[in-house]
Amino acid sequence: MTLTSVELAVGCNEASDLLPVRSPEVLAAHGARRAYWTVLDEGTVEQCLALLLERPDGTWTAHHAAFDAGPETGRTEDGEALARFGDWVYVLGSHFGSKGGPLRPKRAFVARFRESDVGRPGAAPLHIVRNQFRLHRLVNDALAAADITPLPPGNRVQARFIVETINRGTAREKSWATRLAPGDLPLNVEAAAFTPSGTLLLGLRFPVTEKGEPVLVEVAGVEGMFDSAFGPGSSPGGPARRGAGLGGVDARTWPEVVGAYVLTGATPPGALVGFRALTAVGDGTYEAVVGSIDALGKGSVLLDDHPEGGDVTSRHVRFRLPEPAGGRRVTAELVADLAPFHNVEGLAVDGGQHVYVTDEDHRVAVWLG
């Protein structure tokens, strides 16, 4: 595949994921003929949502979008994945930790905003729900119950990501410490896309199966996390309030895992491969980028234990989920081998064109196929 590149600067930041803008108001507000959301890797989620814009003359620019996270301002980090359902754009944290561990509760969040709000003057409301490792527990329990055999975490991964997190949470008397258990798999959410029925597919960079295959988890009820208390003068589209407050009743419910799938045919012999990007392209079909389980040369404890998961180039694949009684194995069809890239972090399929974003040092590189 022949690719052309556009390099952009967004506050010396690096980009994760791509999601096409569908709101006419946003495009008009920025004088763009097309645009993509991306989430940056340095800072809180309200600081790290950016627009990559193509002007009518074909030139590109980047723009930090303004958001108001209300009482959750400054309480998140490491946004990784974007997904759309209707006018809502969802942003997911990695739920992981630094390269050397431990897991970080600030990364265990889901946020959302109405895209059309960004086309209006002022900061758009951003509603953030920090799930305090509830999703970690749900996914670990679902994988244990599924007909899937995950790759066991190595001793260092178990010690640094799970045991140390439990110890820190217990020492600080955090309620979330009880949601982790020795033997758990650290969760690294890297990609997401909604199904036509409204469930959310999570593409995991880790864990992978014992054969090194990528794992997908299907989650229902994500919208229920945002049905928290709303007192007088607030609305479900605005920032979350802590507790009931102002006479409100906290109606929040937590999601459930309704499926787990293994992507076959995407892993080179002897390698470990996880999801890097995921997008729904219609009619129950999805396209994804798969690649390494962590970055080389950055002190990854995960790669210390599993070096065969590092030197893996990116691949673009296509698949469909099986019917409800069709089993848990999903066959991938190769769309493009993206070698020599190891660092493709985002994929959009827009008007028949493939658009990628790569994780570069202090810049954003958009590649048009």
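Residues are numbered from 1 along each chain as its sequence is written, and side-chain values use heavy atoms, with hydrogens and water left out. Because the model is predicted, local features need pLDDT of at least 70 and side-chain atom pairs count only at pLDDT 80 or more, while totals for chains, interfaces and linings use all residues.

**Stop 1: the largest pocket**

Select D41, E80, K99, K298 and D359, which lie nearest the centre of the largest pocket among the 29 residues that line it. A pocket here is an open set of points on a 1 Å grid over the protein atoms alone, where a 1.4 Å probe fits, with protein on both sides within 12 Å along at least five of seven lines; lining residues have an atom within 4 Å of a point. The volume of this pocket is about 660 Å³, a volume being the space filled by probe spheres set on the points, which are joined across faces, edges and corners. Next, colour β2 (15-20) and β12 (188-194), each of which supplies at least two residues of the lining; strands are DSSP runs of E with at least two residues and helices are runs of H or I with at least four, numbered from the N terminus. The lining divides into 15 charged, ten polar and four nonpolar residues, where Asp, Glu, Lys and Arg count as charged, Ala, Val, Leu, Ile, Met, Phe, Trp, Tyr, Cys and Pro as nonpolar, and the others, Gly among them, as polar.

**Stop 2: salt bridges**

The model has 22 salt bridges, each defined as a side-chain nitrogen of Lys or Arg within 4 Å of a carboxyl oxygen of Asp or Glu. Select R120 and D117, whose side chains meet in a salt bridge at 2.4 Å, N to O. R120 is partly exposed at 46% relative accessibility, whereas D117 is buried at 15%; buried means under 20% relative accessible area, exposed over 50% and partly exposed in between, with a 1.4 Å probe and protein chains only.

Move on to R205 and E190, a salt bridge in which the closest N and O atoms are 3.9 Å apart. This pair links distant parts of the chain, with R205 in strand β13 (residues 200-206) and E190 in strand β12, 15 residues apart. R205 is buried, with a relative accessibility of 6%, and E190 is buried as well, at 2%.

Then select E345 and R276, whose side chains form a salt bridge at 2.6 Å, N to O. Because E345 lies in strand β21 (residues 344-350) and R276 in strand β16 (residues 274-282), the pair ties together parts that are 69 residues apart in sequence. Both partners are buried, E345 at 5% relative accessibility and R276 at 2%.

A further selection, E77, D78, R104 and R107, shows one network joined by salt bridges that share partners. R107 sits in the loop between β8 (88-93) and β9 (109-114) and is buried, with a relative accessible area of 14%.

**Stop 3: the nonpolar cores**

Show W37, L49, F67 and F113, which touch the most other members of the largest nonpolar core, a group of 42 residues. Such a core is a set of buried Ala, Val, Leu, Ile, Met, Phe, Trp, Tyr and Cys residues joined through side-chain atoms within 4.5 Å. Apart from this core lies another, of 27 residues, including W88, A192, L202 and V219.

Select A83 next, a residue of strand β7 (residues 79-85) that is buried at 1% relative accessible area. Not counting residues up to four places away in sequence, A83 touches L19, W88, V89, Y90, A192, A193, F194 and L200, contact meaning heavy atoms within 4.5 Å.

**Stop 4: the largest cavity**

Where does the tour end? It ends at V110, L135, V219, M225 and P255, which lie nearest the centre of the largest cavity among its 13 lining residues. A cavity is a set of grid points where the probe fits but cannot get out. The structure holds one cavity of 30 Å³ or more, and the volume of the largest is about 90 Å³. Its lining divides into eleven nonpolar residues, one polar and one charged, and the largest share, three residues, comes from α2.
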